[in-house]
Amino acid sequence: MAALTHPIRSALRGARQGAAGDRRVELALGAVASTVLLLCAGMVVFVVLKAWPSFEANGLGWFASASTDEQLGEIFKSPSNPDQYVYEFGAWALIWGTLLTSGLAVVIGVVFAVFTAVFIVEFAPSKVNRVLVPTVRLLAAVPSVVYGLIGILVLVPLAAEVLVTTERKESVAYFVQLTGACWLVAAVILSIMIVPIMISITVDALRAVPRSWTEGAAALGVNRWRVITTISVRAARPAIIAGMILASARALGEAIMLSMVAGSAAWAPNPLDGFTFFLEPVRPLASTVVESAEGLSVEPFGQTIYAIAAVLLVSSAFLSWAGWFAKRSMRRYGIEPGGATQ
Amino acid sequence: MSAVPTTVKPTDPRGSSREWPLRDRVALACCWIAGLSTCAVAFLIVGYLAFKGVQYLDPSLLTSRPSAETDQSRSGGFLDPIIGTVLLTVLGTLIAVPLALATALWLTEYGRPFWLARAVESGIEMIAGTPSIVLAIFGLLVFQQTVFGFLSFEAEGGSVFGRSFFTAAAMMSLIALPLLVGSIREGLQAVPRHVREASYALGKTKAATIRRVLMPAIRPSIGSGTVLGMGRIAGDTAIVVILLGGTLQLQGFGDVPLLSTLRGNGSTLTSYVYVNSPAGEGSAPEKAYAAAFVLLLICIGLNLLVTRLARQTSPASAR
C-alpha cells in the first residue's frame with residue numbers, strides 16, 4: 001500500500017519532534033525491506049549464470065524432445081576435462097511431464113474449487129461451514145511428503161491393481177514399464193494439494209462482491225443459484241483466474257510428492273495410447289532436481305540441473321506476477337479481494 | 001408475487017430450491033457434492049494416517065536414535081528427526097520474523113519511494129511463488145562460497161560443504177517470509193487511522209508510534225503469521241533433502257556444543273518420511289507411517305493454533 005497521505009498528518013509532520021531519528025528508522029526499515037529485492041536479483045543472477053553453459057551448448061534444442069535419461073547419464077559421466085564436457089540435453093519429456101501433471105491438477109482443481117467456494121459462501125448451512133472451512137485450511141497444511149506417502153503406499157498399488165491390466169502393460173512394454181506410478185495418480189493428488197489455494201482466493205473474492213448487486217438480482221426474482229453464478233462468480237472471474245495461476249505455480253514447483261508418485265521416468269506419455277496414456281510414468285522438472293541432488297557437484301551435470309531450476313524459477317516468477325495482476329483487475333469493480341499472499 | 005423487503009437476506013437459507021429448474025438443482029447438488037467430498041478427502045487422509053500411525057507408533061520410536069540398518073528391528077526410531085524439525089523450525093522463524101516485521105512495517109507505514117515499495121512487494125510475491133526446490137539449490141550455490149564457510153563444514157583445500165542447519169534455516173526463512181509479511185500487513189491495515197493520529201497528536205514521532213502503539217496492536221497477527229510460517233517450514237521437504245546433508249543422525253562439526261549441531265547435518269521428520277518411503281533408500285513403510293503421523297499431528301496442532309490466534313485478532317481489529 002502506498003504511503004497514506006492525510007491532511008492532519010501532513011500538517012503535524014512539521015510539528016513533530018525527533019524527525020531525524022524518525023528518518024533513521026525509515027531508512028533502516030527500508031534497507032531491510034530492500035534486501036528482499038537483492039535476494040530476488042541474486043537468485044536469478046546466480047542460478048542463470050550457473051546454468052548458462054547448458055543453455056549455450058544446446059540453444060533451443062534444450063527444450064526439444066530427446067532421450068533425456070540417457071543424456072543425463074552421459075552428462076554425469078562426462079570427462080573431468082572442461083573442454084570435453086558433455087552438455088547435450090533435451091528436456092521436453094520433463095517439461096511435458098510438468099505440463100501434464102499441473103495441467104490436469106489445475107483443471108480438476110478449478111471445478112472443485114469453484115463449486116466448493118460457491119457452497120461455502122452461499123449454500124452451506126453454518127454448521128457445515130464450521131467444519132468445512134477449517135478442513136480446507138487443514139488440507140493446505142498437510143505436508144507434501146505426507147501426500148506423497150499416501151500416494152505411493154495406497155493409490156499407486158490401487159492403480160496398479162485396478163487400472164493397469166496385462167494387455168496395457170504389454171502394449172507399451174517395449175518403451176516403458178507400467179507400475180501403477182503414473183501421472184494420473186500424481187495429478188489427482190496434486191489437485192488435492194492445490195485446491196485449498198483456489199478455494200480461499202475464490203471465497204475471498206465471492207465475499208467481496210457488493211451485497212447490493214446480488215440483492216438487486218434477487219429482487220428481480222432470480223433464484224439463488226442464478227444470482228451467484230451470473231453476478232458473483234462472474235464478478236469474481238479475475239480472482240478465479242488468479243487462483244488457477246497461483247495454483248499452477250504451486251503445482252509446477254511441487255517436487256517431493258511428484259517424485260514419489262509420478263513414476264520417476266523421463267518419459268513423455270503419448271496421447272495416442274488411449275487410456276494407457278494416463279497410466280504412463282513421468283518425471284516433472286522439479287522432481288528431476290530433487291532426485292539429482294547427489295550429483296550437483298559434478299560439473300556439467302550440476303549446470304544442467306541448475307538450467308532446469310532456472311526454467312522453473314523464471315516460469316514460477318511469471319506465474320506469480322500474472323496471478324497478482326489478475327487479482328488486481330478486480331479493483332476495476334471497486335472490489336478488493338483480500339489475502340495478499342497465499 | 002410478493003415484494004422482497006430489503007431487510008430480508010435475499011439468499012435466505014430457507015428459500016426452497018424445489019421450484020428451481022432442473023439444471024439449477026443439479027448444479028446445487030454439485031455444490032453439495034464438492035463441499036462434502038472435500039471434507040471426506042480430508043477425513044480419509046487424517047483418519048487413515050491416524051489408523052496407521054497408532055498401529056505402528058511405538059513410544060520407543062520417539063526416544064531412540066535412527067541408524068542406517070537394513071534390518072528394521074535395529075534401525076532405531078526418529079528422535080533425531082524430531083529434534084531436527086524443532087531446531088530448523090525455530091531457527092528459520094528466528095531469521096524470518098525480524099526480516100518480515102521490518103519489511104511489513106516499511107511497506108505499510110512508510111512505503112516511499114513508491115516505485116521501491118512496489119518493487120519490494122512484487123519481490124515478495126516472487127519469493128512466495130518460487131518453488132522450494134529452487135530456493136534450496138540456490139541456497140546451496142550461495143552457501144558453498146568460501147565466505148560462508150563458517151556456517152557449515154569446510155573441507156581440506158577450502159571447498160565448502162554448504163549444507164547445515166544454518167544454511168537450511170536461512171532458506172526456510174524465505175518460505176515463511178511471504179506468509180509473515182502478508183499476515184503482519186493485514187494486522188497493520190486493520191489498525192484504524194485515528195489510532196495513529198491520536199498518537200501523532202500527542203507529539204509522538206512515527207518511530208515511537210510504531211513501537212508503542214502499532215507493535216502491541218499487531219502482536220496477534222505476528223503470532224498467527226509466525227505459526228503459519230512454522231507450519232510451512234516443518235512441512236517442507238525439498239530444502240531439507242538438499243541443504244541438510246542427508247544424514248539421519250544429527251552430526252555436528254566443531255567443538256562448541258549447540259553451534260556445532262547447527263553447523264552440522266541432520267534430518268527432519270519430512271526427510272525421514274521421504275527416505276523411509278518406498279521412494280527412498282530406507283524403505284520401511286511402518287516407520288514412515290509413524291513419522292508421518294507425528295508430522296501430521298505437529299502440522300494440525302500449528303494449524304489449530306493459527307485458527308485460535310486468528311479468532312483473537314478479529315475482536316481487536318473491530319475496535
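## Secondary structure

Chain A contains 14 helices and zero strands, where helices (H or I, at least four residues) and strands (E, at least two) are DSSP runs numbered from the N terminus. Its pattern along the sequence is α-α-α-α-α-α-α-α-α-α-α-α-α-α.

This is a predicted model, in which local features need pLDDT of at least 70 and side-chain atom pairs count only at pLDDT 80 or more, while totals for chains, interfaces and linings use all residues. Residues are numbered from 1 along each chain as its sequence is written, and chains are lettered from A and ligands numbered from 1 in the order in which they are written.

## Overall fold of chain A

The C-alpha trace of chain A spans about 75 × 60 × 30 Å along its principal axes. Of the 342 residues in chain A, 51% are buried, meaning that 20 or more other C-beta atoms, placed from the backbone, lie within 10 Å of the residue's own.

Two residues are in contact if their C-beta atoms, placed from the backbone, lie within 7 Å. Among contacts in chain A between residues at least 6 apart in sequence, 81% join residues at least 24 apart.

## Interface with chain B

In chain A, 90 residues are in contact with 89 residues of chain B. Helix α2 (residues 19-58) of chain A gives the most to the side touching chain B, with 16 residues.

Leaving aside neighbours within four places in sequence, A292(B) is in contact with V146(A), L149(A), L49(B) and V273(B).

Technical notes: Buried ≥ 20, exposed ≤ 12 C-beta atoms within 10 Å, placed from the backbone.
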